[in-house]
Amino acid sequence: MTVTIFVPRDAAALALGAEKVAKAVAQEIEARCLDAKIVRNGSRGMFWLEPLVEVETDRGRIAYGPVKAGDVASLFDAGLLSGAPHPLCLGLTEEIEFLRQQTRLTFARCGITDPLSIEDYRKHSGFAGLAKAIATTPADIVKEVTDSGLRGRGGAGFPTGIKWKTVMDAAGPQKYIVCNADEGDSATFADRMIMEGDPFVLIEGMIIAGIATGATKGYVYTRSEYPHAIATMTEAIRIAGEAGILGSSVMGSSYAFDIEIRSGAGAYVCGEETSLLNSLEGKRGIVRAKPPLPALKGFLGRPTVVNNVISLASVPVIMERGAAFYRDFGMGRSRGTIPIQIAGNVRHGGLFETAFGLSLGEIVDQIGGGTATGRPVKAVQVGGPLGAYFPRALFDTPFDYEAFAARDGLIGHAGITVFDDAVDMLKQARFAMEFCAIESCGKCTPCRIGSTRGVETADKIAQGIEPEKNRELLADLCNTMKFGSLCALGGFTPYPVMSAMTHFPEDFAPTPLIEAAE
Amino acid sequence: MNMRVSAGDPAERSLQIIRDLKHLEGPMLPILHAIQAEFGYVPDEVKPIIANELNLSRAEVHGVVTFYHDFRDHPAGRHVLKLCRAEACQSMGGDRIAERVKQLLGIDFHETTRDGAVTLEPVFCLGLCACAPAAMLDDEVYGRVDEHCLSEIVVEARR
């Protein structure tokens, strides 16, 4: 029997040498005349163990990692094909603590299947949600998604079902599903992992959205910084077209749906939905004022659903297993699961999908295992460059939209960056302003001018120039940006700045001058 | 390799690219990406051709090209090295790596080495935040970049 060896093709695994490992494995198979094949799977999301090589045995899949190309020969010597012991052996993949503790609904297949095998996808209950969607009515699909409690996973947390209903009820000669895959927040990579590790689930989610709302055309707007995701998505769309999943008759039904992938061009602000729509239309990625809502006047002025990758990729499991199944996970108004991305200076960095409600401390200390450098955690930034910095004192905050908002923070796209005690919070606050200045679309004054003034003011504080007055000025500036900006870029940049200043005042104190003793 | 050698007359080649793509809904970005893939940058003389074909003003095309960080107004080096400067990479010593790479190449960000081998650019997130600091040389990605790995990347880039 042919033995299957898995070597991930996820960009993070590639960044850590997976390509060389795959080549070395292929060479060993050939040199030793073994009956084995290599499958290039997505990542399991345990990046401290990548490249993670797995082998299929009758006991289940056995993991080895992190594997370097130079380790491969010794793995084969030890008996890799039978899952034999080796210093790098981690045992059964499913039993690894980090994986065992998760509830994988959206990422159920990621890292397990061959991302470009539609047979594999079907075998792992792929297209079951779509089949149900085809058999029911658009109104019932919208009801199911609404009842599931699913909220936009891009960061805004708007109920997905309500957005869909608006588009369903809107009249228009052509409606669109636009997938926001412009994942620009530092510490986030969930969208990338889905596109590289389970692209068909996104395609399935988009088709269901199309059937529900009457849209027949979908666009995936992704970042040019994600060449691997673009390549995998492009290939998956082609395969789905050939298999009759996409096209004029979706799975033989009367519904039509097509998807095109589009690449952005390095503008962070295009992750904001109206800016994204302008960019997709071929304009400067300038933010639009709302109303009109994109749901009514979106792409080319037509009714458009703009949803994040994870929102859309969560729809198939909701359709397959029902709204109640999904809604039963979570807490408060945050229902279902959330793929938390633990990144930065952390020992066990990766993707951890779980029901809402874990405390920040559990995520950082227990699941993440503290810092990679072994030094104490000083701060964590939750929600990307526009998210607040949390000190250890707030580690009891449960991972939930409302709980984070109540503490002047946001969960955003659920990325967490861990910093050790070497971090200078004034420098981080300055960076938040600098980033906003670089990426501002320029339409509104608070964001365009405020960010540059913010950098200058932070510099004055650092130089000890009238620190008290300048701290006040910085707080005032943040207030203006928060309430006066048109979109979240200018509006949320104050979160990292103010949280840094509030929770770490010692870093904003003037450098003590050494005075000569009289 | 980042440098492209284009066959034939640039104006004619541009027109061909534009006509192949103008049927798309919102064709501008796909056209600009294709032009840059062909010439290595978006030449000034192509802007009026795009404007004419898409029924826009030259100012509108110029406005779009200059809005996006990706589009260049002059050719880059043979290779482009992008170094992530975002928070997750900062938390793992990204600043130190940035200083080191500038030193190794003898250039600052947005500059090209004198031999035309490599252009250094900052990037805000490559989605490799759990294996920071991260870099990308052309389309090749690198995680947990340290001094040793950096020297290897630079040697590769110098070729």
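The questions and answers below concern a predicted model.

Colleague: Which residues does domain 4 of chain A span in the domain assignment?

Modeller: The assignment gives domain 1 as 3-100 and domain 2 as 118-327 in chain A. Domain 3 then covers 330-420, and domain 4 covers 425-508.

Colleague: What distance separates the centres of domain 1 of chain A and domain 4 of chain A?

Modeller: The centres are taken over C-alpha atoms. For domain 1 and domain 4 of chain A, the separation is 46 Å.

Colleague: In which sense, parallel or antiparallel, do strands β1 and β3 of chain A pair?

Modeller: Strand β1 of chain A, residues 3-6, pairs with strand β2, residues 36-39, in the parallel sense over four bridges; there A:T4 stands opposite A:K37. Strand β1 of chain A also pairs with strand β3, residues 53-57, over two bridges. In that pairing, A:F6 has A:E54 as its bridge partner. The sense of the pairing of β1 with β3 in chain A is antiparallel.

Colleague: What is the handedness of the crossing of α6(B) and α7(B)?

Modeller: Helix α6 of chain B, residues 94-105, packs against helix α7, residues 147-158, at an angle of about 35 degrees, and the axes are 11 Å apart. The crossing of α6(B) and α7(B) is right-handed.

Colleague: How many nonpolar residues take part in the contact of α6(B) with α7(B)?

Modeller: From α6(B) come B:I97, B:R100, B:V101, B:L104 and B:L105, which meet B:E147, B:L150 and B:V154 of α7(B). Of the residues in this contact, two are charged and none is polar, while the nonpolar ones number six.

Key:
Residues are numbered from 1 along each chain as its sequence is written. Chains are lettered from A and ligands numbered from 1 in the order in which they are written. This is a predicted model: local features need pLDDT of at least 70, side-chain atom pairs count only at pLDDT 80 or more; totals for chains, interfaces and linings use all residues. Domain bounds come from an automatic or database domain assignment. Two strands pair if DSSP finds at least two bridges between them. Axes are lines fitted to C-alpha atoms, for helices over the stretch in contact, and angles run from 0 to 180 degrees between N-to-C directions. A crossing is left-handed if the near helix is turned anticlockwise from the far one by less than a right angle, and right-handed if clockwise. Two residues are in contact if their C-beta atoms, placed from the backbone, lie within 7 Å. Ala, Val, Leu, Ile, Met, Phe, Trp, Tyr, Cys and Pro count as nonpolar, Asp, Glu, Lys and Arg as charged, and the others, Gly among them, as polar.
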